[in-house]
Amino acid sequence: MNAENIKAFSFSPSDNIMTYYTLGKELLVPSKIALIEIPSFKEVTTKSLFQVSHATFYWNKSGKYLAVIVDRKAKKSGKEVTNIELFK
């Protein structure tokens, strides 16, 4: 696995899956949230998001669902907003 600028990662409590997010280096470069299988390092899913300042991972106890709390700046107002991204 080769990923630059990883800011946080987390392992599923039940499956061989890891998630991480990378922070975009520039304004027009998106941040990336990825779920990968271990040990094959095959990407299960990815999501690109712009203007991310921070992300936090929350797995449910069974490891079937992942919630990612994403803090980012709104385009027009510049205020910090929070979104929840769900993965299954």
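**Close-up views of an all-strand chain**

**View A. Overall fold of the protein chain.** Among contacts in the protein chain between residues at least 6 apart in sequence, 23% join residues at least 24 apart; a contact means heavy atoms within 4.5 Å. This is a predicted model, in which local features need pLDDT of at least 70, side-chain atom pairs count only at pLDDT 80 or more, and totals for chains, interfaces and linings use all residues. Residues are numbered from 1 along each chain as its sequence is written, and side-chain values use heavy atoms, with hydrogens and water left out. The protein chain has zero helices and seven strands. Helices (H or I, at least four residues) and strands (E, at least two) are DSSP runs, numbered from the N terminus. The C-alpha atoms fill a box of roughly 40 × 25 × 15 Å along the principal axes. The radius of gyration is 13 Å; a compact globule of 88 residues would have one near 12 Å, so the two agree. That radius is taken over C-alpha atoms, and the globule rule is 2.2 Å times the number of residues to the power 0.38. The protein chain exposes about 6000 Å², with carbon and sulfur atoms supplying 53% of it. Accessible areas come from the Shrake-Rupley method with a 1.4 Å probe; for residues, only the protein chains shown count as cover.

**View B. The largest nonpolar core.** This core has 13 residues, and Ile 33, Leu 66 and Val 68 touch the most other members. At least two residues each come from β2 (17-22), β3 (31-37), β5 (52-59) and β6 (66-73). β5 gives the most, with four residues. A nonpolar core is a set of buried Ala, Val, Leu, Ile, Met, Phe, Trp, Tyr and Cys residues joined through side-chain atoms within 4.5 Å. Buried means under 20% relative accessible area, exposed over 50%, and partly exposed in between (1.4 Å probe, protein chains only). By that cut-off, 31% of the 88 residues of the protein chain count as buried. In soluble globular proteins, nonpolar side chains tend to be buried together. Leaving out residues up to four places away in sequence, Ile 33 touches residues including Thr 19, Tyr 21, Leu 49, Phe 57, Val 68, Val 70 and Phe 87.

**View C. Two aromatic pairs.** The structure holds two such pairs. Phe 9 and Phe 11 pair edge-to-face, at 5.9 Å centre to centre and 85° between the planes. Phe 9 is exposed, with a relative accessible area of 54%. Tyr 21 and Phe 57 have ring centres 6.3 Å apart and planes at 65°, so this pair is edge-to-face. The latter pair links distant parts of the chain: Tyr 21 in strand β2 and Phe 57 in strand β5, 36 residues apart. Tyr 21 and Phe 57 are both buried. Rings of Phe, Tyr and Trp (its six-membered ring) pair if their centres lie within 6.5 Å; planes under 30 degrees apart count as stacked, over 60 as edge-to-face and the rest as tilted.

**View D. Thr 19 in strand β2.** Thr 19 counts as buried, at 0% relative accessibility. Its side chain reaches the backbone oxygen of Ala 34 at 3.0 Å. Such a polar contact is a pair of N or O atoms within 3.5 Å; within protein, one must be able to donate a hydrogen and the other to accept it, and residues adjacent in sequence count only if both atoms are side-chain atoms. The C-alpha atoms of Thr 19 and Phe 57 are 8.2 Å apart in space, though the residues are 38 apart in sequence. Beyond four places in sequence, Thr 19 touches Ile 33, Ala 34, Trp 59 and Leu 66, among others.

**View E. Arg 72 in strand β6.** This arginine is buried, with a relative accessible area of 17%. A polar atom of the Arg 72 side chain lies 3.5 Å from the backbone oxygen of Phe 50. Not counting residues up to four places away in sequence, the contacts of Arg 72 include Val 52, Lys 79, Glu 80 and Glu 85. Val 52 sits in strand β5. It counts as buried, at 12% relative accessibility.

**View F. Backbone details at Pro 39, Phe 41 and Asn 5.** The peptide bond from Ile 38 to Pro 39 is cis, with omega near 10°. Pro 39 lies in the loop between β3 and β4 (43-49). Phe 41 is found in the loop between β3 and β4. Phi of Phe 41 is near 60°, a positive value in a residue other than glycine. Phe 41 is partly exposed at 42% relative accessibility. Asn 5, in the segment before β1 (6-11), has a positive phi near 65°. Asn 5 is partly exposed, with a relative accessible area of 28%.
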